[in-house]
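Dear colleague,

Please find below the structure that I am handing over to you.

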Amino acid sequence: MSQIARMALTVIAALAMAGCSDSRGGTVYTADSGHSSGWIKAHGATFLNEPISASGGLSKSNQCAQCHGTDLKGGISAVTCFNTGRSGQTCHAGGPGAHVSATWGEPSEHGAAAKAAPSGINGMANCRKCHGGDLTGGLVGKSCYACHKTTPHAPKPWRGAARRHTDVDEGNAPACAICHEGTFAGAKPETGSPAGCFNGTLCHATPGGGSCYACHGTKGVNIAPPYSLSGANDQSDPKVGAHQSHLTAKHGYSDTVACGECHTFPYSIDETGHRDGDFTAEVPLAGKLATNNGALPAYSFTTRKCSNTYCHDGRNFPAKGSAGTDPEWNETAYLTGTVADCSKCHGYPPSQNHPQKNDCAKCHLHVSSDNKSFSNPLRHMNGYVDESVSSCYACHGTEGVNPAPPLDNSGLTDSAKVGAHQTHLLASSGYSNPVSCDQCHVVPASVESPAHRDGDHLAEVPLSGSIASANGSEGSYNFTTRACSGVYCHDGKRFKHGWSSGADPVWSDSSYLSGAAADCSKCHGYPPGGAHPADSDCSKCHPHVSANDTGFNDATKHLNKTIEAVDGPCYSCHGDVAVNNAPPLDLDGNTAASSPKVGAHQTHLQATDGISATIACVECHIVPAAVNDASHRDGDNAAEVTFGALSKSNGASPAYNYSARTCSNTYCHDGRNFKFGFSAGTDPVWNDTSYLAGSIADCAKCHGYPPGNGHPRDAGCGTFNGTGCHTNVNTDNLSFKNPTLHVNGTVEVVDMPCDVCHGGRNINDAPPPDLNGDISADDPQVGAHQAHLLASSNYSPNIACNECHIVPAFGHVDDPTHIDGDVRAEVTFGALSKTNAASPAYDYALRKCSNTYCHDGGKFEHGWSSGTDPVWNDVNYLNGTVADCSRCHGYPPGGGHSANSSCSSCHAHVNADNISFSNKAKHVNGTVE
């Protein structure tokens, strides 16, 4: 049976007198019935899990002690738990804590239970319940010292498998503290901290360190030499060396350094690397501080030096300061509190990208004003760069001026790192507004921002600022040539209108800008090229430019991503203020009309040739309302030719060919687009200076002379047929009284008789001549006009013009179907031709009339024989013979007519020869006379 079980039975037996075997609920004890049912089994665990008093033993609140007393020997119940038995129950003759295991005295049994976490029988706290607070007797009157002689735990050594104390659960710390509290320096627990052997509040300030000074170090000071194992206490001894300089940091350069930063710290005497026979401490230098920032430190036992440590080698600092001297471990004068000591770890000042300044306290607030000692050494050599930089000029530039060099980080005033900083920031050149730092390089938000102190000792120059990258610029800086290229602010190609590019500036060229006219051309042409006028009078359009055209009244309006120009008159850039807005001069300064940018501008605008009215600019290209309007200064250096209303008259679709420099299909230069479709002239070449020379041949350059198609073939424009069709044309027929009435989109012609254009003047309105000047009747446009109008055949009266085609109202040249472009009269037969239900027609191809009343006997009143359809321009159709009669009807007529050719016997208007007429008005008149 186990110890606890026997203890439980003994207590149960002692309590049985109070009725401990009765069955009742969960009540521990009542006066009338004693203990509750099942108490025998439960009371042992209750006893063991109850708290003990501060001095050991049972507290009065313990359930057993309430009745049996804190010593369990009677109490108010007068029943001792030390009875051998009661009411048939076996109790605890040796007391409730009597050990019953035969082997309990073996450390492997009771020692393991004592060191375990306090619970039930386990834990040294539970030993005190029976053996007393000081373990000298207690309830059971048996002292632990009876077995353990001098202490409750086993005799030394406590490192063996059975007697090792380092595996005691921390919950037993209060029990250990009965003897151990206050034994070692710093053993008292801090306020609120639980006592424990391994958390620095009781024995061991560091694990296992409570007894290290038994072999080395000094009790009451620390565990590091002096003294060494050999008893040495001089720092020159390598086994003593700089231990105290690190652990106590009396030199004032850093916080104390933990032992584990330099060598292995054993948690037990026998651990590997401690007492291993070589009598030498292992120095792995693997601590967090020594290896900070990627350092790979090492210690040489031969030279007794540390190397490549973070804490003694500036090359491993975050800012990559200069490397100092590798320290010798037992050098007594390594740090002496002088300025020179600073350079033993890093440069003074550090090199690389650290400012070359020795006033450390300006940025490192933990440094004293002497710049070699420390107001707070804990912030030096702590693995961090502890700094508080209030402004950029703490490292570079000049306080009170700006944070840009000079001075540069090397303290220089003239170097590539200085360069043109002040020229840009102060705009001392007078050429622009001050340029902010971020226009050229990254401006860090803090000292440790990326691309700032990154070890390359170079500023990153992305040239991505809004000024440098304006207008799509993609600038770059060449660290070798020290030149900027492709930036908006130094390259005219990047300007809005793509003007000439200047030279790429060399950053450190101190004479780049000298205030001379030549400086302008270092960025763009002077004057600019491209679409800019070739005029160096900058102030005319740019009022922020000074009168001498090399400086500025307001430099903020130069190089600001905007073309600061006033919207002056057009002649500010091209043309002549005394003439008009059109070249000459052109933007390149050309004056000759042979230049395509000059060309025929003035010929059109001034109409110096006398051929037409002046032509408005908008007839050929867009006229901008403002300088920066779309399609004006758009970089292509060419005017957009967008023809206006006049050029498109009469349905013309004009175009300009930039390569051939010709206009085509315009109304004003192509007779095909005139109202009546006259002959086409030659497409003009814009800069042909001899296009119009004031000769007759000039007329034919636009239309025929005379015009073709339906126009009379006569060049007497103002004197044709003794009168004038175009009264604005002079008698020379090639100049104009009023040029505005020529090439104006309208055919300016006066109302006049028909015979002015065709027919014989004072004869009649019909050909000959025709519009082409032909007079022969065999010409289809002449034909039988006069045979009908003059009745020269003597066969009929005169035939009115409208019997065959439409006759326009007098003088109305523009009437429909008159001059309509097809160069032929529309044949629309009149009433006579349609007599007796005839349906006449004219065949333009065969030139024949058919089915007319007047030429087809079949349409006569009595249906007489049909004659031959006449050919319009057959000059022999009628020649005064008998055969002529049968060309229209039979001779004699057929049908119901008598077969008698003596016409005069019935038709009194016929002469006796029976082929001519005494009164031809009664022949072919629509009536059978």
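I begin with L513, which counts as partly exposed at 27% relative accessibility (buried means under 20% relative accessible area, exposed over 50%, and partly exposed in between, with a 1.4 Å probe and protein chains only). Please note that this is a predicted model, in which local features need pLDDT of at least 70 and side-chain atom pairs count only at pLDDT 80 or more, while totals for chains, interfaces and linings use all residues. Residues are numbered from 1 along each chain as its sequence is written, and side-chain values use heavy atoms, with hydrogens and water left out.

L513 is placed in the loop between β8 (483-485) and α11 (517-520); helices (H or I, at least four residues) and strands (E, at least two) are DSSP runs numbered from the N terminus. Leaving aside neighbours within four places in sequence, L513 is in contact with S429, Y431, D519 and K522, where contact means heavy atoms within 4.5 Å. G430 is 83 residues from L513 along the chain, and the C-alpha atoms of the two are separated by 9.5 Å.

The loop between α11 and α12 (601-606) holds S572. This serine is buried, with a relative accessible area of 10%. Setting aside residues within four places in sequence, S572 contacts K540 and C541.

Of its 929 residues, 39% count as buried. Among contacts between residues at least 6 apart in sequence, 41% join residues at least 24 apart. The chain exposes about 46,500 Å², of which carbon and sulfur atoms supply 55%; these accessible areas come from the Shrake-Rupley method with a 1.4 Å probe, and for residues only the protein chains shown count as cover.

The largest nonpolar core has 14 residues, and those with the most contacts inside it are L463, Y477 and Y488. A nonpolar core is here a set of buried Ala, Val, Leu, Ile, Met, Phe, Trp, Tyr and Cys residues joined through side-chain atoms within 4.5 Å. Not counting residues up to four places away in sequence, L463 touches Q439, C440, A468, S469, G475, S476, Y477 and V487.

With a disulfide taken as a pair of cysteine sulfur atoms within 2.5 Å, the count comes to 0 disulfides. C440 is partly exposed, with a relative accessible area of 24%, whereas C702 is buried at 13%.

A further cysteine, C81, lies in the loop between α3 (65-68) and β3 (85-86). C81 is buried, with a relative accessible area of 1%. C81 and H92 are 11 residues apart in sequence and 5.9 Å apart in space, C-alpha to C-alpha.

Helix α4 (residues 107-115) contains H110, which counts as buried at 18% relative accessibility. Apart from residues up to four places away in sequence, H110 touches W104, G105 and H148. The buried residues of α4 are H110, G111, A113, A114 and K115, and they pack against α5 and α6 (145-148). In helix α5 (residues 124-131), the buried residues are N126, R128, K129, C130 and H131. G132 follows α5 and has a positive phi, near 90°.

Finally, the structure holds 2 cavities of 30 Å³ or more. The largest cavity contains about 150 Å³ of space. Of the 14 residues that line the largest cavity, H354, P355, C363, H364 and A394 are the closest to its centre. On a 1 Å grid over the protein atoms alone, a cavity is a set of points where a 1.4 Å probe fits but cannot get out, and lining residues have an atom within 4 Å of a point. Grid points are joined across faces, edges and corners, and a volume is the space filled by probe spheres set on the points.

With kind regards

Key
On a 1 Å grid over the protein atoms alone, a cavity is a set of points where a 1.4 Å probe fits but cannot get out, and a pocket is an open set with protein on both sides within 12 Å along at least five of seven lines; lining residues have an atom within 4 Å of a point.
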